[in-house]
Amino acid sequence: MGFVHAQAWQAIPEAQLVGLVDTDPNLLKTLGESIGVSGFPNLDTALREVDVDIIDICLPTHLHREAAEAALAAGKHVICEKPLALSLKDARAIIDAAAAAKKQILVGHVLRFFRVYQKARQLVLDHTLGQIGTIKTFRGGSYPKGWHDWYGDPAKSGTLATDLLIHDFDFLMWCFGPVERVYAKSLAGHITGAADHVLASLRFKSGPIAHVEGTWAYPKGFSYAFEIAGADGLIHFDSADKGPIHTLLRSGSERNASVEVPESPVEISPYQAELAHFLEVITHDALPVVTAEDGYNALAVSLAVRDSIQSGEPVLLPGRTGGES
Amino acid sequence: MNIAIFSFAHMHAYSYARSLKDLPGVTLKVVADDDVERGRQAAETFGARYVRDYQDALKEPLDAVIVTSENSRHAEMTVAALQAGLHVLCEKPIATRIEDGHRMVQAAHDAKKLLQMAFPMRYNIPAARLKQQLDQGRLGRILLMNGTNHGKNPGGWFIDPVLAGGGAVMDHTVHIVDLMRWYTGSEVREVYAEIDTRFHPIGIDDTGLLTLEFENGVIAALDPSWSRPQRSFPTWGDVTLEVVGTEGVTHLDAFAQHLVLYKEIAGQAQHLGWGDDPDLRMLESFIACIRAGTPPLASGHDGLQATQVALACYESARLARPVKISQ
């Protein structure tokens, strides 16, 4: 995600990317040289050597708290990739540290900056679909490659439920408010050694029911889809449907060799829109589209889903009453 | 910057007026429309002054005019505005007769003012991305193209031969021909067209299947028909283009960025677009060109070239043989 954010920052005229921090000196050298930004082996050095207002944390999740607290203690605003942390305790500690430092902590729930999700939410809020009954979402594809395979280590990524499905949990809570209870199953929780594939059931306090599916077990690709069904209408979207640009390129000398390249370009990428918004929040004290509490609540649902997978029981969200309502 | 819209006869006027509202420092001052009710209503909706005769609007302190009248009236309004020292954004097709188109281009040249053609597809982000990829040589050399600009029967003056100058072929050929010219950098050398009225009980063509050849040898086909079912088709139509190059093939589906909505009271599925709005980007660019004094992305000349192809198609269909276009 660091690459994506670096590119997005460079496209925002009001921002200047002044430093990259990574433990991998080769990566720092190649990326740093290609975009003309200095690299630093650790945050302390960067904080000492460059004048900076915002630290954008794209580390594996288990390292978020330490980095966020260090940046906040140094008086910097923090933008943090989702999930905010791996535990509610760590998430709360980061939020408290920001409050103590009187600095912003903004969480990268980027779905809120995807046009198609914004449009879907608008159709929910303006009652085009009437009373919402069910929502089905899908997100996933092949197993993601990460630094030292951190996605595969629950102690680092918190599993698929926390790392990937938190996107959909946050989007759904943005539309439908707090979650009452969850129930979930997963392949990894079912068959030892299986690649993770989760089916989660969410009941919202406001009434709608959602089935959220996420996978790292597909042979290839990545896609996302949703369907929202209401009493007056239904919408659906699937990023795997043929998009606006679909290219087949000849590759190599073999007669039938080809590469397929689908594209769905927009003028401003969701990542750039997100970071530009966060910059606006920080510089003009504007209200963020996604708050740190939103990040905390999405994590709470992710952890409840993980708990349900482990226990085989429905999990009520803390602080809320259960029941049939 | 003060703008007038000359006639709301073409429905795109509403989208352009909405876009102007989103542009800083730009005001829609006047709506001129000989249809009093339509004009008054539009003026009220967009907070502009209404005049019946566009000649009266020319006396106002304006910078530019958007001409969205019936096709046959583009020429008189555009030439009058240019001669009054105003910049013009003209709806496509540029005119119904080629002599009119030439007069408009000449008037812009003489007045040293901007004449931009409303070819919003050049501002559609996927279509623009394809242009960028072609310029980078990603598909190699272009060999063949096959495009569609399907639609529904728009009714009204669009099916009046005098006011519209032609039916589906007049209405829809120019968008795709403009993209093809933009992508190839070449002009259409020859056309062969089969044209008919086969979908609707109207006195104008609604059916066209066109075959084109460009000066650089690229061959192409194009379907501009009003062939989408009026009620059950989920959207207004489409803009698609297959581009076959020496190194690969790209399919462009310019309005694929949509959600599908099934709404009980609508009785049909609907596509709801979520991509960037090409009309807004086109208006933004028109204003920016005026401010910077730079030439538009699609000029009167481009409008003339595209319309020449549509007119040659009618000629070809009449003669039932290929027709050459002389440059």
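Which strand does β7(A) pair with over two bridges in the antiparallel sense? The partner is strand β14 (residues 315–316) of chain A, where pairing requires that DSSP find at least two bridges between the strands.

## Basis of the model

This is a predicted model, in which local features need pLDDT of at least 70 and side-chain atom pairs count only at pLDDT 80 or more, while totals for chains, interfaces and linings use all residues. Residues are numbered from 1 along each chain as its sequence is written, chains are lettered from A and ligands numbered from 1 in the order in which they are written, and side-chain values use heavy atoms, with hydrogens and water left out.

## Strand β7 of chain A

Helices (H or I, at least four residues) and strands (E, at least two) are DSSP runs, numbered from the N terminus. Strand β7 of chain A spans residues 179–186, and six of its eight residues are buried, a label given under 20% relative accessible area, with exposed set over 50% and partly exposed in between (1.4 Å probe, protein chains only).

## The interface between chains A and B

Contact, taken as heavy atoms within 4.5 Å, links 30 residues of chain A with 31 residues of chain B. The two chains bury about 2,700 Å² between them, 53% of it on carbon and sulfur atoms; buried area here is the accessible area (1.4 Å probe) that two parts lose on being put together, summed over both. In chain A, the residues that lose the most area to chain B are Pro244(A), Arg250(A) and Glu267(A), which together account for 20% of what that side buries.

Between the chains, 19 residue pairs are in polar contact, both residues being at pLDDT 80 or more; such a contact is a pair of N or O atoms within 3.5 Å, and within protein one must be able to donate a hydrogen and the other to accept it, while residues adjacent in sequence count only if both atoms are side-chain atoms. On the side of chain A that touches chain B, the elements giving two or more residues are α6 (115–125), β11 (233–238), β12 (245–250) and β13 (258–263) of chain A, and β12(A) gives the most, with six residues. The residues of that side divide into 15 nonpolar, eight polar and seven charged, where Ala, Val, Leu, Ile, Met, Phe, Trp, Tyr, Cys and Pro count as nonpolar, Asp, Glu, Lys and Arg as charged, and the others, Gly among them, as polar. The rule for salt bridges (a side-chain nitrogen of Lys or Arg within 4 Å of a carboxyl oxygen of Asp or Glu) finds three across the interface, one of which joins the side chains of Arg129(B) and Glu263(A) at 2.3 Å, N to O.

## A sheet built from both chains

Strand β12(A) is joined by five bridges to strand β12 (residues 248–253) of chain B, and the two run antiparallel; His246(A) has His251(B) as its bridge partner there. Nine strands form an open sheet with mixed pairing, in the order β13(A)-β12(A)-β12(B)-β11(B)-β7(B)-β10(B)-β9(B)-β8(B)-β15(B). Its edge strands are β13 of chain A and β15 (323–324) of chain B, each pairing on one side only.

Within chain B, five bridges join strand β7 (residues 142–148) to strand β10 (residues 219–223), which run parallel, with Leu144(B) opposite Ile219(B).

Leu252(B), found in strand β12 of chain B, is buried, with a relative accessible area of 2%. Leaving out residues up to four places away in sequence, Leu252(B) touches residues of both chains, among them Pro244(A), Ile245(A), Leu130(B) and Tyr183(B).

Ser7(B) lies in the loop between β1 (2–6) and α1 (12–21) of chain B and counts as buried because its relative accessibility is 2%. A polar atom of the Ser7(B) side chain lies 3.0 Å from the backbone nitrogen of Ala9(B). His167(A), in helix α9 (residues 166–176) of chain A, counts as buried at 11% relative accessibility, and beyond four places in sequence His167(A) touches Lys82(A), Val110(A), Leu111(A) and Arg139(A).
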